[in-house]
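Please look over the model below before reading the notes. They take up a few parts of the fold in turn.

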Amino acid sequence: EEEEEEEMGDCSPLDQAIQQAAAAITSGYPAVAFTGAGISVESGIPDFRSPGGLWTRYDPSIYCNYLVFKERPELFWTMSMDMHETVSRAGPNPAHFALAELERMGLLSCVITQNVDNLHQQAGNKIVYELHGNAITSTCLSCKKKVYTNDLVQQMKLNQDLRVPKCPVCDDIIKMDVVLFGESLPHMVMENAMSAAVAAKVLLVVGTSLTVSPANNVVGLCKLNEGKIVICDPNPTNSIAADFMLCGRAGDVLPRLVQACKLLLSSKSST
């Protein structure tokens, strides 16, 4: 025990926080991850709200508004063409792969995400609750035919006069499967996500400012049941909500957290 304390004393504050977080995550109850735009910034997708992000070029109260979409869908699709160029080039980064590895190890029960980029699934996570939908697919407003957004974008690129994609079945307007302002969040997804948060003994928060409601209720629900909050973020602003603050880039920190979990599990199995 004295040796362990001595080792901890030699560690940096980040190393100590990683060790403490790993101890909590390997304590016998799978953790839940809660992610926001910050985790995908390292994949080359700027945060919509940040300087240079999508919303500095397109006013979200107009371009991402459901009532406006129903009247003038071409505005949303103009923005979407711009967004698609960025999202389609992006792939999962080491932070996404680390969360997928934690799930494979049985240490993570699910990912709750505010992102629409599908990168958690590409990295290998099986249970992902997407609070704001998924940009990979789109659905006809009338007959509910589901199509790949990429196919629609390619059609629009080939036909410059086509400003709004039409359903191949009924020729009505198609909407990307993302939640716009003025739309309700998907009920079953929200219910499952909030149930997971309430049951979580550890909530691993990555890349979110915790300012978007109702998604930010996730942390409060976990705390209700005396769950521990691990926050991974380069900016320590949210540290007031954290039991363990992992201050650094998710792509650097989360693989180290996975490694720390593996070492703890192997030491437990050998004793």
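Which residue follows α8, and what is its phi? Gly106 follows α8, and its phi is positive, near 80°.

1. Basis of these notes. The model is predicted: local features need pLDDT of at least 70, side-chain atom pairs count only at pLDDT 80 or more, and totals for chains, interfaces and linings use all residues. Numbering starts from 1 along each chain as its sequence is written, and side-chain values use heavy atoms, with hydrogens and water left out. Helices (H or I, at least four residues) and strands (E, at least two) are DSSP runs, numbered from the N terminus.

2. Helix α8. This helix covers residues 94-104. Its buried residues (under 20% relative accessible area with a 1.4 Å probe, protein chains only) are Ala95, His96, Ala98, Leu99, Ala100, Leu102 and Glu103. The elements that cover them include β1, α3 (38-41), β2, α9 (119-123), β7 and α13 (250-269). At the start of α8, a side-chain oxygen of Asn93 comes within 2.7 Å of the backbone nitrogen of Ala95.

3. Strand β1, one of the elements covering α8. β1 spans residues 31-35 and is mostly covered, with five of its five residues buried. Ala31, Ala33 and Thr35 point one way, while Val32 and Phe34 point the other way. In a regular strand, side chains alternate between the two faces of the sheet.

4. Partners of β1. Strands count as paired if DSSP finds at least two bridges between them. β1 pairs with β2 (residues 108-113) in the parallel sense over five bridges. β1 also runs parallel to β7 (residues 202-206), joined to it by four bridges. Phe34 has a counterpart in each: Ile112 stands opposite it in β2, and Val205 is its bridge partner in β7.

5. The antiparallel sheet. Three strands form an open sheet in the order β5-β4-β6, with antiparallel pairing. β5 (146-148) and β6 (174-178) are at the edges, each with a single partner strand, so one side of each has no neighbour in the sheet. Neighbouring strands here are turned by 40° against each other on average, direction ignored.

6. Details around β4. β4 (residues 133-140) is joined to β5 by three bridges in the antiparallel sense. Thr139 stands opposite Lys146 of β5. Helix α7 (residues 73-89) lies across β4 and β6, and runs at about 55° to β6. For such angles, axes are lines fitted to C-alpha atoms, for helices over the stretch in contact (heavy atoms within 4.5 Å), and the angles run from 0 to 180 degrees between N-to-C directions.

Terms used: Buried < 20%, exposed > 50% of the residue type's maximum accessible area, 1.4 Å probe, protein only. Polar contact = N/O pair within 3.5 Å; in protein donor to acceptor, adjacent residues only side chain to side chain.
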